[in-house]
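Please keep the sequence and the three-dimensional view at hand while reading.

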Amino acid sequence: MMKAVKLMVFIGAVLIGASSFRVQNSEANVYTVGNQMIDTLKIDTESGLVADANLMMVKSQCTACHSSKLILQHRFTRAGWLDRIRWMQKYHKLWDLGESEKVVLDYLEKYYGPSAIDSKATFRRASLNDIQWYKLNQ
Amino acid sequence: MKKQIHDRRGFLQKSALATLTALVGTDVVFADQIPQYHTPLAFDNDPLKGKIPDMKVLGDKPWNVEAPIHQLDDAVTPVEKMFVRNNGLIPSEPINPDTWTLTIKGESVKATKTYTLNDLKKRFQPHTYQLVLECGGNGRSGFEPQTTGNPWDQGAVSCAEWTGVRLKDILADVGLKEDAVYIGYYGKDPHLSQDPTKVSISRGVPIKKALEAETLIAWAVNGKDIPLVHGYPLRLVIGGWPASVSGKWLHTIAVRNKVHDGAKMEGHSYRMPIRPVQPGEKIAETPENFRIIESMPVKSLITYPKTGAMFELKKPLALRGHAWAGDRMVADVHTSIDYGATWQKAKLQPPKNRLAWQQWSTEITFPQAGYYEVWVRATDSSGATQPMVIPQWNPGGYLNNACHRIAVKALV
C-alpha cells in the first residue's frame, strides 16, 4: 500500500515537472514572431483553444457555459478580459473564480491579447483581401 | 412530461449523467463540477440543419450564424439563408402549438389576458408583411479597437415575409391604460446557465412602435410555420429596429408604465453613447450616458455579383442588391467604381410595404481592364447617407452602416 502511494507521488511529481517544462517550451514559441505564434502552439481540436497546461482549467471555468468561439473571436487586454468576467458575473451567473481567476487571465492575456498584427482594421477601411477570383458568366 | 435531467436543486441526475456519458462516448471530465442547471451541448438542437452549407457560424453556444452577402440575393430571404442570433439556448422541451399561449400582462393593461395560438388565428385578422430584421451589431467586425459582442461581418440581416396578427389588434382587445409607455416580451429560450430563474433576453419597444400596423405576432414566415431556431411557434416581429426586439418563442408581452427593464435592456446592450466617444474610450454604463437604439440606419448591399468576379471589359457588368433604412424609406442608391470620387445613380424599386427592403440594380461599363472595387451607397428619405469609412466607434460595436463594396476585375 505504502509503495503504491509512493509510486503515485513519484508519477505525480514527474507529470508536474514535465508539464512545467512544456509550458516553458511553449513560452519560448510564444515570443517568436507575431502571427507565427499560433502556428507553433498545440491547438485543442475539440475547442480550438491553445492547449497548454491550463487548458482544462479554462474549459471548466469558461466553456462549461459558452462556446469557445466567444474567446477565439476576440483579442482583449488583461483588463478587457477581466471586464468580460465581471460582466458575466454581474449578468450571467458566472461563479467566483477564486484563485483560478489569475490562471484564466494569464492564459487569456498570453494567447488572446491584442497585437498589432491581429488588428486588421488599422485603416478606417482596410484593403480587401482573401478575394477568391472566379470567371463571371455574363 | 419529459424526464428531467436535473434534480430539484438543479444538479445533473446520476441517470442523466450516464446517458450523457453514453452519448459522448467517454467519461465526462469534471462531471461533478458541471454547474447547476447546466445541460451539456449534446442536448441542444442543431439549427444548421435547415440552412445552406456556406452559412458562417460565429458561435454555437449561443448559436450565432450569418449569411454570405451574395447568398442574400433573393428579394424575399428564404429561411435557409436567414441569419440566427440567439442570446440563450434553443428551447429543448417539446413544443405543442395546440397548447401554446400568449399572455398579455403588465402595469398598463386593464386586466391580464391569455390567448391560445388558435385563438389568435381565429379571432384576429391576419396580415402579411415583408420586414427587415437586422442585428444591431451587424458589421461589428469593422470597428477598431475591437468591441465585445459577436464580430458580425454584414450578413446578419434578412427580409422575409411574416404572417400573423397585429399586436395593436390584440392590445385593443385586452384594453390598455392611459399610462402605457413600453412593451417587453418574454420567450421560452433558456438562459445559457440553464438557471430557470434567469432570463436570456427580454427586450421591447415604445408603445408607439408597438402599435404600428406592421408590428406582428407571427406564426408563419414565407408561408410556412416559423422554424424552431427562428422562434417556433410564435414570434414578435418588428421591422426596422434591432432584430433583438423581435422576441422568439414568445409566450408573454408585458405592457409597461415605464421603459421596459428586462434582460439586455441594461448597460450598453443595444445602446449607443449619447455623447460621441473616442475609439476605445470607457464610459460608465448608465442611462445618462447611453440611449436605447431605435430605428436602424440607412444601409445597402451588393448581392450580385459575388465579390471576386472577373468579367469581359467589352460587356457592361450588371449589378444588383438591396437597400433599407430602418423606419424610413430609401430615396436613392448610387454606385462608384473610383473609390467615391464620382457616383452613378442606380435604378431603385419601391418597397413591397413599409419596413421592407428595396431592390436596386445598375449596369456599369468600365473604362479599361484592371482591378476595381464597386461601392454602393444608399440615401434615406431624410437625406442621411452611408459613410464610406467606419462610422462612430461605440462600446457595443453597433450600427456600422459603412458602404458595402466588392472586388472585380475587368479582363481584356
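**Basis of the report**

This is a predicted model, in which local features need pLDDT of at least 70, side-chain atom pairs count only at pLDDT 80 or more, and totals for chains, interfaces and linings use all residues. Residues are numbered from 1 along each chain as its sequence is written, chains are lettered from A and ligands numbered from 1 in the order in which they are written, and side-chain values use heavy atoms, with hydrogens and water left out.

**Chain A**

Chain A contains 6 helices and 1 strand. Helices (H or I, at least four residues) and strands (E, at least two) are DSSP runs, numbered from the N terminus. Along the sequence, the pattern of chain A reads α-α-α-α-α-α-β.

Of the 138 residues in chain A, 32% are buried. Here buried means under 20% relative accessible area, exposed means over 50%, and partly exposed lies in between (1.4 Å probe, protein chains only).

A contact means heavy atoms within 4.5 Å. Among the contacts in chain A with a separation of 6 or more, 56% are between residues 24 or more positions apart.

**A sheet built from both chains**

An open sheet of 6 strands runs in the order 1(A)-16(B)-23(B)-22(B)-18(B)-19(B), with mixed pairing. Strand 1 (134–135) of chain A and strand 19 (344–345) of chain B stand at the edges with a single partner strand each, so one side of each has no neighbour in the sheet. Two strands pair if DSSP finds at least two bridges between them. Within this sheet, strand 18 (residues 330–336) and strand 22 (residues 370–380) of chain B are antiparallel and are joined over 6 bridges. One bridge sets Ser336(B) against Trp375(B) in strand 22 of chain B.

Elsewhere in chain B, strand 4 (residues 101–105) runs antiparallel to strand 5 (residues 113–116), with 4 bridges between them. Leu102(B) faces Tyr115(B) in strand 5 of chain B. Strand 4 of chain B is also joined to strand 12 (residues 250–256) of chain B, in this case parallel and by 3 bridges. There, Ile104(B) has Ile253(B) of strand 12 as its bridge partner.

**The interface**

How many residues of each chain are in contact with the other chain? The contact involves 54 residues of chain B and 34 residues of chain A. The size of an interface is often given as the accessible area lost when the parts come together. Between chain B and chain A, the buried area (the accessible area, 1.4 Å probe, that two parts lose on being put together, summed over both) is about 3,800 Å², of which carbon and sulfur atoms give 54%. On the side of chain B, Gln146(B), Met310(B) and Arg405(B) lose the most area to chain A, together 15% of what that side buries.

The interface also holds 2 salt bridges. A salt bridge is a side-chain nitrogen of Lys or Arg within 4 Å of a carboxyl oxygen of Asp or Glu.

**Salt bridges**

Side chains of opposite charge can pair when their charged atoms come close. Over all chains, the rule counts 26 salt bridges. The table lists four of them.

| Salt bridge | N to O distance |
|---|---|
| Asp195(B) and Lys93(A) | 2.5 Å |
| Arg78(A) and Asp106(A) | 3.0 Å |
| Arg320(B) and Asp73(B) | 2.6 Å |
| Arg405(B) and Glu373(B) | 3.2 Å |

Arg78(A) lies in helix 5 (residues 78–91) and Asp106(A) in helix 6 (residues 100–111) of chain A, so their pair ties together parts that are 28 residues apart in sequence. Arg78(A) is partly exposed at 26% relative accessibility, and Asp106(A) is partly exposed at 29%.

The pair of Arg405(B), in strand 23 of chain B, and Glu373(B), in strand 22 of chain B, links parts of the chain 32 residues apart. Arg405(B) and Glu373(B) are both buried.
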